[in-house]
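Welcome, and thanks for taking a look at this one with me. Please have the view open as you go through the points below.

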Amino acid sequence: LGVMLSATITKIYEDQRIVKGWASVISENGEPIIDSQGDIIDEVDLEKAAHDFVLDARIAGEMHQNTNGVGRLIESMVFSAETQAALGIDLKKTGWWLGFKIDSDEVWEAIKSGKYKAFSIGGVSFREPVE
């Protein structure tokens, strides 16, 4: 099953061509978030996906296509409940935070103009019923 999630870009550092934001928020105020496909992502699965991305990919694509020279990962943090407790913080949400240095002039212009407003992560998953 293909999965695509998107979350709003939160911060743009124009002088550095850097964008940061949530790749995925999976809960707010202790309640799981149901995505646009009707799915819920478990913290363990999100952490595994984030770790796999950092280990194996580390590059930004454009609209799940063109990954050649678009951008490079500079920041990644999964704010699970356990991690937040260890840091002594409570964000009232759990999720995956990302930052990218954008190398593509075309993609950078699309971000600055507001055409691209969010990160979108893709992947493969297996659905399990939740009771």
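1. A word on contacts before we start: two residues touch when they have heavy atoms within 4.5 Å. Not counting residues up to four places away in sequence, Leu-98 touches Val-19, Lys-20, Gly-21, Ala-23, Leu-73, Glu-75, Ser-76 and Phe-119.

2. Leu-98 also belongs to the largest nonpolar core, which has 21 residues. Which of them touch the most other members? They are Val-19, Trp-96, Leu-98, Phe-100, Ile-102, Val-107 and Ile-111. Several elements each supply at least two residues of this core: the strands β2 (18–28), β5 (71–79), β6 (93–102) and β7 (118–124), together with the helices α1 (43–56) and α3 (105–113).

3. Next, follow β5 to its partners. β5 and β6 run antiparallel and are joined by eight bridges; in one of the pairs to look up, Phe-79 has Gly-95 of β6 as its bridge partner. Strand β4 (residues 59–60) also pairs with β5 in the antiparallel sense, over two bridges. There, Ala-60 has Gly-71 of β5 as its bridge partner.

4. How far can you trust what you see? The protein chain has a mean pLDDT of 85, with 85% of its residues at 70 or more.

5. Over residues 1–6 pLDDT stays under 50, although the model has 28 contacts for them beyond four places in sequence. Where pLDDT is low, the predicted coordinates should not be read in detail.

Notes: Residues are numbered from 1 along each chain as its sequence is written. This is a predicted model: local features need pLDDT of at least 70, side-chain atom pairs count only at pLDDT 80 or more; totals for chains, interfaces and linings use all residues. Side-chain values use heavy atoms; hydrogens and water are left out. pLDDT is the predictor's confidence in each residue, from 0 to 100. A nonpolar core is a set of buried Ala, Val, Leu, Ile, Met, Phe, Trp, Tyr and Cys residues joined through side-chain atoms within 4.5 Å. Buried means under 20% relative accessible area, exposed over 50%, partly exposed in between (1.4 Å probe, protein chains only). Helices (H or I, at least four residues) and strands (E, at least two) are DSSP runs, numbered from the N terminus. Two strands pair if DSSP finds at least two bridges between them.
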